[in-house]
Amino acid sequence: MSERPKVYSIAAHRGFADALVAGLVPRYSDPELGLARLTLLLPSSRAMRTMSEAFIRHYGTQEGRNGLLMPRMAVVGDLDLDETLGALFDPIGEDSPIPPAADPIRRWLMLAEMIRAEKGTEAPKGAALLRLAADMATGMDRLLVEEIAPEELLQDRVIEIVGDLQDHWRAGIRLFASVQQRWLAELERRGEVDAAARRNMLFHATRRKWRECPPQTAIVAAGVTSAAPALAKLLRTIAELPQGAVVLPDLDLSMGAAVWRELGTAGAPEDVGDPPFARGDAVTHPQYHLKLLLNRMGVNRAEVQPWHRAGMGAGPPERSRAISNLFLPPEASKVWAGLPAEDRRLRGVRILRSANPEEEAQAIALLVREALEQPDKRVALVTPDRGLASRVAAHLGRWNIVADDSAGRPLSQTPAGRVLLLLGEVMAERAPPVPLMALLEHPLVGAGEGRAQWLDHARALELKLRGPRPEPGLEAPGRLADAEWWKPVEAALAPLLAFEGDARLAALIDALAVAGEALCGLGLWEREDGRALSSLVEELRLHADEVGTVLAPEDLPAVLRDRMDAVAVRPPWGGHPRVAIYGLLEARMTRADLVICAGLNEGSWPPVPAQDPLLAPAVLRALGVPGGDFRIGLSAHDLAGMLGAPEVVLSRSARDLSGPAIPSRFLLRVEALLGEQLDHHLDQRSAELARALDRAEPAPRYLRPAPEPSAEQRKVAVSVTALDRLRGDPYQFYANAILKLRSPDPLDAEPSPAWRGDAAHKILERWHREKGELRPIAEQVLNEMNAHPLMRALWRPRLMAALEWIEREIADHPEREVAGVETWGRIEVMGVTLKGRADRIDRLPDGELAIVDYKTGTPPSALMTENGFALQLGTLGLMAREGAFKDMAELPITGEPTHFEYWSLGRSKDGFGYVQEPVLDGRKKSGLPREEFLVRTDEFLRDALGRWILGSEAFTARLNPDLPSYGEYDQLMRLDEWMGLEE
């Protein structure tokens, strides 16, 4: 073993991967075997791909070389990427005293059962319980990575802190400790260990093996920055091997000793008994985790040597000095005031400011497109914002540039994942319209040659399902769908609705998989997302069955979404060879000629520190576990590495999806460091181009619509309800009666006033005709209308109270005879058909008629009737006077209408229900006199017919804007473009 550890650092400006290759080739290459004898330890599989590309680039510049033998690459494993250690540390088929690792899904389910057993009736239910189990598993892994034994939770240093904590923290620690003991007993029973513990064991075993018998070939650990104690000791051993070396990325060797000390203790307290991490430690500094790693390796920073080779994509040398000054800790940053220009120079770094995420994505896409015009120039977009990454990829599609996001998409956002989630929602809510139709119209469902016919049937069903939610189950949509098409659909979905109450999770998952395959065939599992879904389903089904996990069907969608969000589905092949989109983890060790760091807002880069829900920050600090702010330092180090590229663009938007955004603390530091030079680094050209790309000439002002159809087109029948629309807003009449345009209700719509009124009318009509009891009739009608139980429960009490008021009101006036109910009629006025339906017509003792109209809400005011805008009762009266309506014996109803009544089902001072007449009598100040009611109505009617139906007056939009309107045609008339701007 070497006396002095061989530890190197590659400066940020040199480009880690290319600089590493440039140094490895002359040092370890063999004329015959190339680098085949070299073993390269890397942090992740993504790093292996990055190094392979760097080797190819390097050998591509060497003349006379026809091929190469690359080194053996092994992954030490990054828990953030959920990767295994690789065969170097965990050889397959080799006898080992190290126990097997417990399956993480089985552990998650077992922890949920243990929490349930520990807390009893106070345990959370369903998805909340499983989320708590996942958080507990994460907390256990954090302690295991740091090699903190369970008994350390009971040490005096922790107990003293616990006593000063709030009650919820104390309860959380007690629960954590109790469940952890249960889990350790389970592991001992099965002869297993946690995956993180096994990882540590493999590191220790490999370290002992290499110390006792050093390898005869070279081993280089490169780019590994994890400060886990077991890994740090292994790296120390590698650094001491005769042909070993450790190469660190972006360790600042130019930082002064005083500044290095200001970073804090970093796991090496000065006095015995002090916590490993002091309160004043600069854990958010990009060099802090590297100092922690060196301390745990037992290596002094002075022992680290610079790596003198530079990569193909190296930046200017002065960049590293500026990066070092950029991230100075608070006390040391006082030197900024007198910092010379050459020490703050960031030549090649531009700052892009955008108004919103969409503009930012468009501007970045333009930067990428522009860069690709230069031969061999490589571009990398690095952002933790996956939404921004997908926007940029979509904008690049404008120029047929395919850029895959190497960070992948959550399984829940892929087509296969959506199918399973939709099936879960159908199961949980018993086939509600929205998830049911989203499922049946999903691209994977019904795919194949009959896809067009499948969509025809599905869309026809969707149109019929629009409106309030029907009763739960498959019967309601089954009555509306094509019978032959619906039969296999029902056969696939019926088993999902057979579960009642809590059921075994394995059975629920199995039912979803069977239904998904019945609807999608094998296409559900074929692509990369299908394969990931298949793996997840099999693991969940296997371990849920073994553990015996029980779950209510209502909680299944949330549980599935949580698990799917943790599974990243990456594209199986790359896109454009010179364009890459990375997340922060994937971007480590990568380098490009132009690096765009986007999404530089607080909460994105750096992210909001995640807090353990069970272990208080003070407890973690006392145990020696880095806190949540530690990840801010990691994201700062990621940015520092990106800043070493030849060209860098730092991008942010002033707003995000939720509102105004706060600039990243890192970006603010860059702007502060630049000082007076900031204006020279602002690059708004791309943002201006992005705005100009979609900018159009100002559209001419849209005038108020006033269509003038031909005389032939105007010859339409007028309904008594449409007359008010004709006089108040002629354009709406034009769109409805002449253009025949209807706005369909959305799926699962709230019960509209029209729907509630229709229900009330049907109930009253059947009650009048059948002479039965009102309440059973109401229940029967609501059942026939597929009224959802929730809607029925909320609206039925009010409806029944109003209907019973009508029943009493009719019984209290036996002298009034109900002559007709829900009776249709029509007459000709000036050669135009006037049609309508009377809700009820009563015959008074003197032979006169009372026109009754039911309203579920507030009736029109008498003033509206006086002004000629609420004429329904009057026009029905005109029709009744002409004998247009028939009674229940189908005989004409004759008589003179003298009473015009609104019977409202709304709230009154005595409960529900009241009668109102828009007639001017008594103390009323508005309305039409009773003796003039029909005369004035006839005048208003003839005026409207003469002007718009028989005349040539334009159908002007919102002719009377103060009148209430449903707004059904506001978009068609482009209301917001002219309302209030009229001359």
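Which residues of α20 are buried? The close-ups below start there. This is a predicted model, in which local features need pLDDT of at least 70 and side-chain atom pairs count only at pLDDT 80 or more, while totals for chains, interfaces and linings use all residues. Residues are numbered from 1 along each chain as its sequence is written, and side-chain values use heavy atoms, with hydrogens and water left out.

**View A. Helix α20 and its buried residues.** Asp529, Gly530, Leu533, Leu536, Val537, Leu540, Arg541, His543, Ala544 and Val547 are buried in α20 (buried means under 20% relative accessible area, exposed over 50%, partly exposed in between, with a 1.4 Å probe and protein chains only). Helices (H or I, at least four residues) and strands (E, at least two) are DSSP runs, numbered from the N terminus. The partners that these buried residues pack against include α3 (104-119), α14 (415-429) and α19 (505-520); contact here means heavy atoms within 4.5 Å.

**View B. Arginine 563 in helix α21 (residues 556-565).** Have a look at this one: arginine 563 is buried yet has no salt bridge, and glutamate 539, the nearest side chain of opposite charge, is 6.6 Å away. (Lys and Arg count as positive and Asp and Glu as negative; His and the chain ends are not counted.) Leaving aside residues up to four places away in sequence, arginine 563 touches Ile105, Trp108 and Leu536.

**View C. The salt bridge of arginine 378 and aspartate 18.** A salt bridge is a side-chain nitrogen of Lys or Arg within 4 Å of a carboxyl oxygen of Asp or Glu. The N to O distance in this pair is 3.8 Å. Arginine 378 lies in the loop between α12 (357-371) and β8 (379-382) and aspartate 18 in helix α1 (residues 16-28), so the pair ties together parts that are 360 residues apart in sequence. Both arginine 378 and aspartate 18 are buried.

View D. The closest N and O atoms of arginine 189 and glutamate 186 are 2.8 Å apart. Arginine 189 counts as exposed because its relative accessibility is 59%, whereas glutamate 186, at 10%, counts as buried. Both belong to a network of salt bridges that links Arg106, Glu186, Arg189, Arg190, Glu192 and Glu546.
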